[in-house]
Structure formats: C-alpha cells, structure tokens
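Work through the exercises below with the model open. Try each task before reading its solution.

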2 protein chains.
Amino acid sequence: MNDMTSTVADMMSELGRRARSAARTLANAPSAQKDKALTEAATTIRASIPAILEANAKDVAKGEEDGMTKAFLDRLTLDESRIEAIAAGLDAIVTLPDPVGDIMAGWDRPNGLKIERVRTPLGVIGVIYESRPNVTADAGALCLKAGNAAILRGGSDSHHSSRAIHACLTAGLEAAGLPADAIQIVPTTDRAAVGEMLRGLGGNVDVIVPRGGKGLVGRVQEEARVPVFSHLEGICHLYIDKAADAAKAVDITVNAKMRRTGICGSAETLLIDRDVAETIGKPVLEALAAAGCEIRGTADIRALFPAAKEAREEDWSTEYLDAIISAKLVDGVGEAIDHIATYSSSHTESILTEDAAAAERFLNEVDSAIVMHNASTQFADGGEFGMGAEIGIATGRMHARGPVGLEQLTSFKYRVHGTGQTRP
Amino acid sequence: MNDMTSTVADMMSELGRRARSAARTLANAPSAQKDKALTEAATTIRASIPAILEANAKDVAKGEEDGMTKAFLDRLTLDESRIEAIAAGLDAIVTLPDPVGDIMAGWDRPNGLKIERVRTPLGVIGVIYESRPNVTADAGALCLKAGNAAILRGGSDSHHSSRAIHACLTAGLEAAGLPADAIQIVPTTDRAAVGEMLRGLGGNVDVIVPRGGKGLVGRVQEEARVPVFSHLEGICHLYIDKAADAAKAVDITVNAKMRRTGICGSAETLLIDRDVAETIGKPVLEALAAAGCEIRGTADIRALFPAAKEAREEDWSTEYLDAIISAKLVDGVGEAIDHIATYSSSHTESILTEDAAAAERFLNEVDSAIVMHNASTQFADGGEFGMGAEIGIATGRMHARGPVGLEQLTSFKYRVHGTGQTRP
C-alpha cells in the first residue's frame, strides 16, 4: 500500500465511523426534524442557484474539454429549471410518510407477551453514481427521510456540481439540528475511495446502491463485500398470448418499447404466440416499425415481416436501450415462460391476454421483480407504483426487490412487552 | 488448483445447478404437495429407525475414537426418542401456514392498475452446520415448506447420521412427486466444498445459513460472498432501571441467566441503576449467586457484593455461555443504552422497569434484533415468538432479523394487473 492509498483508506474509514455515529442520532430523530432538514435544504438550493450554476459550469467546461458526448453533457448540465426541480424533489420527499416506527405486525402470546415488529432504519447507505448531479440531492434525501446516514460518491465528472448541492444539504441538516455527517460526500475523486466503500468501511456501510450504467453496476456487484440494491440491466419481455386483444397489443407493445427506449423498463424482447402470428403479431410488428423500431427476428418472424433483420443468439440477452427489439414466435405461455427463465434479467415482464388462466400462470411462474398483465413494462417505476421517489430498482431477491423507495431503505426489530414473564 | 479441488468444485457446481432447477419447480409447487413430501419423510424416518441408529453408531464410534468431549458426543448421539422428535418436527412444519403466495400488500393506482406484493420463495438456501444430525431434517424441511431448494452441508462428525436422515427426506420428495434435488446433501466431507458454497456456486446459492459455534459462524461471515443469516454471538443485556419491580427483577434476572446458560438468548451482562443498587441490585446478585452463578463486577458491584470477582474490559464483550455474568452500575437508562451500543452483539436486550417512559426510550433507542420490557431474554426464540420452527436467529439488518422462520425464508415480487394501460 503506497502513501496515497493509505491516506484514502484512512480518510474513508473515518468517514464511515462518522456516518455510523450520525446514523445512531438519525435513528431516533423525529419526522419533523428530518423534514425540517429537507425543507431547509430545498430553500438553500433555491437561494444558491448562482453558486450551483458556477460549480456546474466548471464540470461542463471540463467535460467539453475531455470531448464527452452530447448526451453525457446534457445529463451533466444544470440550469435554473433543473435546479428548481431538484429543490422540488426534496419538497416531495417531505410529503412522503416517514416509515421509521411503523408497526408492521403485532400479536399476543398465550403467556401475555405482546410482540411487535417495528420499522427501523437500515443504518448507513453508500450511494455510488455517475454524472447526474441531481442524484446527490435525491439519494441523500431519501436515505435521510428513512433515518439512514448516507455516504455519497458521485462521478468525478460532476464533482463540483455535486459538492455545491451537497453544501445545501449540509446547511439543511445544520438548520434542523441534525449532524452534518448524516449526509457525507466523498471529498476525493480518487477511485480507491470506491474500492474502500465496496469493502464496507470496516462494517460501517450496510448497503451499497449504485446508480449508473452497466459498467458501474457490474463493478459494484462484482467487488462489493456488503449487500447491493441494484439491477445490472432490464431485459424486459412482452408476451402476446393467443388470447390477446389485438388493439391493446399494438398500443402496449409500441408504448413498452418506444415511449422511452433508454430506461430499464423498456421492452427488449417480444414473444408472440404462433397461433396469432398473422392476426396480432403482424400488425404489432408493423406498428413498431412505423414508430421507428428496428426488429430482429427469428426466421418465422422474418417470414411474417420481411423487413425484420435476423436475430442472433446474443440478441436474446441484449439490453438495447435503443429503438430495437428482438422478436420470436412461441408455442403458448409455457414456452414464453421458459424463454423468460432463460434470458430475462428478472426485472419486468408483461403478458397480454384476455385469458385469466394464462395471465395467472404467467404472473405466478415468471420469477421477476415485477410481473404484469395487460400493462406496459414502462410502468416499472417507484413513482408509477405510488411509492413516491425511488433510489433505484433492484432485481435481487434479498431484502429489496423492484422499486427501492423509503420502505425498502428500512429494516425492523422486534419489541416485546412483558409484565414479568420468565421462560419455563 | 489441484485435481482434488477441481473435482470438488465441479461436483459442487453441478449440485448448485440442480438446486436451481429444483427451486424453479418448488416455487410453483402447491402447499399440499410440499406437505405430502414432509409427511412422507416423517413416516420414512419412523420406519427407518434401525438404519438411522446404525449410521449414527458409526459416527459416535468415530467420535469416541477421536476423543470428542462428552457434550459433543451427547449432541451427536441419537436414540429412538430423539429420532421420533425429528419426525415430529417435520409433522409440526406441515401444520405451519405456507407463506408462498401470501399477498403482503395491495393497492390501486389512479390509472386503474392494481398492484400486489406477493411472497415468493428466496430460491436456493445453503445450510452449513455442525454435529447435530437433527438439523438435516429441520433445516431441509423449513426450506422446502417455504418453496426453496436446500443444499445441506453437515459436520463431517455426523456425516453418516445426516446422510441416513437425508435419505428419508429424499424418499418423501419422491413420494410427493417433487424433485429429489430439492434437498441435497453435500456428499463429501472435504472442507473445500464449504468454500465453494460460500462463493455461491456461480450464482446458484441465494443465502447461507450457518448453524453452529462461533468458529463456524465467524468463518462463514468472513468468507461468504453471498448473504448470510446468522448471529455470531448473543451478548444479551439486562438493565434494571431505578423504577424496576424488585421481585420481577430477581425472577427475570435468574431466569435470563440461569434457565439455560448455553443458548444465545442467555443474559451475559447485568446493568443496574445506581439508585437501586442496594435495594434491588444486591438481592438480585445474591439470588444469582445462590443459583450458582459467578459474578464479575466493577468496583462498585464488588463493594455491594463482595463475593463478586473483578470484571475486566474483555468481560463486557464476552459471551460466556456458562453460569457467569458481568455486572456494572450505571447512571440511568441513558448510560445503559450507551453501554449496550458499545458492547452488544445486537441480539436481545431487556429493560426491567415500571416506568413506561423509560421502557419506551429503551425499546426505541436500543438497536438490537429483539428489545424487551419486563421479560426474560431467554424468550428470544422463533417458537416462543409463535413463528413455529426457526432455522436460526439473525442479527444483521438486511432481509431477516431476529428469529428466521418460514416468512424470513421468502422474498416477494410485484404483480401488476392492468386492462390495457400504457404510460403517458
């Protein structure tokens, strides 16, 4: 270990200890105090627009100098309305109910003990993200509202912007009398800091949430020694059953693929029951193509729709995040379920059918975080689920699955109320 | 990697693949089919008593030859009544409700989407245990009932016994038409197999549950690359508040420490409010000593009760699992909470008081899996909680916390019921 690495390790270790200490205070902070911190942070953000824009201009200038893509620079660039949206996001989190202290279940035992399971914060949450400066506020605020301390590590490309926004969060915490260490930002762009976070800072990080592309998420999933809430990709499937309604099939398929092609809930593979290939499949493929979608299909798809390109084996496991869809004919819901079990990333899949039994089978047997019937996969979103803001979507089966909102950022404990009971 | 290691790795990898495949079948198996497998397994166990005793005799003979302790040999040795208890344990799991398919929550969205959160199995559970052959049946059956495949790795000292019991589970699965791979036992005593399980068998183990002493649990926690449900130790605290009832304090303290000293819910440290040192603390210490407990105390404890030995720093973080308790005077509930935050293993702590506000503060601020008021810490047990059988007790904050019963061996997914909705 060279001196530089040792310095980063020491600094991160100290950051972890301070986060754990702040988490203990936060765990017992009343909702009103946490909400005050968020409201004050929003006010400070609105009052700091010039300073945030100035910091952001430095990041953007550096990005241009480094020849970053237009899409990248667009994600990075802030303006007054985007900063207002960040502040409004904090206000929205204030309106969400505080999950901490909720009694999830309660029951009495024959010996008179009363047992309750009650929500508690998780502890310390590490958030590792890329060049979207708004994540600093969104993620920090969600962690805080659920009583957790946050350690934020934003992309080095948005470092100045993230620090300027973080300063507003700190001001909010201080105005509310909460420890500033409740939301810390890693003060270095040294990548060794990420490695330290992934190793858990000596037991002082309880979970890591990566926010970004497949490269970042893959590295986090591979290297983390603490639990991770994440999805590597969203290879979402639509299955058009033989009992599908033709008009719904066209509407939902075009929406699921084309509404926004770059989000994880966008459909990537279309499975069509062979029995309705001509009657429903063909108009659906035509509608997709008319909407500007490239179709990559098996031989029978290309017979049906000659403009389709040839699908290769890797197409079934590719998340295009683009106006491209892979398509295949299947022999009924069973083969659709088998295809999904083989190729899905366990994110979101939808069946289109008017046959209740086929829908029931699909919803039961497909093992993905979200399974849908007659609805667009683009609804895979915490906001659309009515859960308020989300910190991400998880495809693991441990603790959090699907949209990760406030409730998923909590743990629980048991409270046992006795009157002097001893165990016989 | 030498040939031997490579062989074990290949074998374990194949075991993992078969478990995953079985898990997919189990996830959709009806309760009646899983229950039939358990009932048939219990019947087979009862019919196989001579074969199980014969296998067990081999393990016991080896244990004696190896000079194992009396306690060890006692845990290892089976007789007819212990085998009957194993079969009865399976029957008891049959009577528990199947958690899979439970609708945990459901709500409607303004656009007409109906969203449900429904319980699903976790997937594949690895259980690593020591010389108690009954764990083979208990753990395998709990995993199965919750729709999970199990990979069992028992101690090499109980290998013959575990295999004989496992053969009965396999017979039960086959009689019920379920895949025999649903409950597999690692067929080698090579310790490399444990390392493979801890690395997760290429994504085919979702969680590991260690059952055994601190050595085993520590190794699993240290090396596992998949989530672990476990507690390393139970350093449980009793706090006698100044508003405690003297008679309850004597009864609960003696029970919490002395009912069974070798279990994780046994109290290891006694904190006494200085204000009631003479009036309550002294009679409690006398009662403990009269019950055969060694007391290790601070100077003020020794002034109060001269027979006490001196407590050293390491006593506050020692799980004695024996008739020994460490004791200390504190200035009120705040200092008790601080002591617990510093030394507790986050398992179970109890406050003895008639002051509702002090109890409320303790129950809120102590961050342990189980917090109690006027009750013995020895109630820290899934059966005592009314959860039926447990596979263990977890002190982590992720997914499962406290007793790990059937519900904790499940995950969930979202089912979204639409009528053709597309996202605007």
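**Exercise 1. Determine what share of chain A is buried, and describe the overall build of the chain.**

Step 1. Of the 424 residues of chain A, 53% are buried. Buried means that 20 or more other C-beta atoms lie within 10 Å of the residue's own; exposed means 12 or fewer, partly exposed in between, with C-beta atoms placed from the backbone.

Step 2. Note the source. This is a predicted model: local features need pLDDT of at least 70, side-chain atom pairs count only at pLDDT 80 or more, and totals for chains, interfaces and linings use all residues. Residues are numbered from 1 along each chain as its sequence is written, while chains are lettered from A and ligands numbered from 1 in the order in which they are written.

Step 3. Count the elements. Chain A has 14 helices and 16 strands. These are DSSP runs numbered from the N terminus: helices are H or I of at least four residues, strands E of at least two.

Step 4. Check the size. The C-alpha trace of chain A spans about 70 × 65 × 45 Å along its principal axes.

**Exercise 2. Find which residues of helix α7(B) are buried and what covers them.**

Step 1. Helix α7 of chain B covers residues 159–175. Its 17 residues reach 24 Å from first C-alpha to last, close to the 24 Å expected at 1.5 Å a residue. The expected span is 1.5 Å times one less than the number of residues.

Step 2. In α7(B), 12 of the 17 residues are buried, so the helix is largely enclosed by the rest of the structure. Among them are H159(B), H160(B), C168(B) and G172(B).

Step 3. The cover includes α2, α3, α5, α6, β4 and β5 of chain B.

Step 4. Just after α7(B), G177(B) takes a positive phi of about 75°.

**Exercise 3. Describe how chain A meets chain B.**

Step 1. Here 55 residues of chain A are in contact with 55 residues of chain B. Contact means C-beta atoms, placed from the backbone, within 7 Å.

Step 2. On the chain A side, the largest share comes from β16(A), with 11 residues.

Step 3. Five bridges join β16(A) to β13 of chain B, and these strands run parallel. Strands pair if DSSP finds at least two bridges between them. R415(A) stands opposite V371(B) in β13(B).

**Exercise 4. Locate L201(A) and N374(A), and state the phi of each.**

Step 1. L201(A) lies in the loop between α8 and β6 of chain A. Its phi is near 50°. L201(A) counts as buried, with 22 C-beta neighbours inside 10 Å.

Step 2. N374(A) is in strand β13 of chain A. Its phi is positive, about 50°, although N374(A) is not a glycine. N374(A) is buried, with 22 other C-beta atoms within 10 Å.

Definitions and conventions. Two residues are in contact if their C-beta atoms, placed from the backbone, lie within 7 Å.
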